[in-house]
Amino acid sequence: MFLDPYFNQTDTRVQISKAQASAFAKGIAQDFNPIHDVDAKRFCVPGDLLFALVLSHYGLSQKMQFRFEGMVGDGVELQFPAEVADAFSVRDSRDKSYLQVQRLGEVSHCPEQIESFIRSYVAFSGLNFVHVLVPLMHEHGMMINPDRPLVIYESMAFELNSLDFTQVTLELVKSSLAIDGKRGDVTLEFALKAEGKTVGTGLKTLVMSGLRPLESEHIDAMVAEYESRRQRG
């Protein structure tokens, strides 16, 4: 499985090192958020990697919901039992929950299909900051704290009309931002397509914290820094 370099597993126990998490963020998701850097003070494992591990362990269901409840730090021992129910959570060895999962419908365990779905989804996530969040901040005249730019992945859900496809792509349909004081709730609606046809729909939510009035020079500096990080890899 293409995810093998990004985690270590012993029986039902899964651990992800800083190096593995950072390599996945930059190499697979093209996500250059500083919190995924090996030397980040507030380091956390990408939520997209947890999502990918769930699909690789338990298959792709027609209808799935994911809700993130905590940030996974370096070397946290996660439990991935061999079998789970249609509602389960990814927990650590101390029974702390990091991810709630619900699933319904048929299940596919096709490695090629699952890999395509994962790669398409995390690539979509990697484009969020520059191509989605920055335009939303400009539209609403608000921005995140440039000194501590924190965007939290909150939830994701999708529903597939069928599992009769191998390769799939994601396209953004609509994006919106609801502001409440210093908090911004972002909603992204997307379509899942195979061979030019829509095979499903999905919804992703994020939270932006520490909002303040927009200052163009600070937004431009954040974008420039992100692009610089992308080029450095």
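This is a predicted model: local features need pLDDT of at least 70, side-chain atom pairs count only at pLDDT 80 or more; totals for chains, interfaces and linings use all residues.
## Ground rules

Local features need pLDDT of at least 70 and side-chain atom pairs count only at pLDDT 80 or more, while totals for chains, interfaces and linings use all residues. Numbering runs from 1 along each chain as its sequence is written, and side-chain values use heavy atoms, with hydrogens and water left out.

## Rings that pair up

Let's start with the rings. Rings of Phe, Tyr and Trp (its six-membered ring) pair if their centres lie within 6.5 Å; planes under 30 degrees apart are stacked, over 60 edge-to-face, and the rest tilted. That rule gives twelve aromatic pairs. Take Y6 and F24: they sit edge-to-face, 5.6 Å centre to centre, with 75° between the planes. Y6 lies in the segment before strand 1 (8-10) and F24 in helix 1 (residues 18-27), so this pair ties together parts 18 residues apart in sequence. (Helices, H or I of at least four residues, and strands, E of at least two, are DSSP runs numbered from the N terminus.)

Y6 is buried at 13% relative accessible area, and F24 is buried too, at 0%. Buried means under 20%, exposed over 50%, and partly exposed in between (1.4 Å probe, protein chains only).

## A ring cluster

F51 and Y121 have ring centres 4.9 Å apart and planes at 55°, so they are tilted. F51 is in helix 2 and Y121 in helix 3, 70 residues apart. Both are buried. Ring pairs also link F51 and Y121 into a cluster with F66, F117, F124, F158 and F190.
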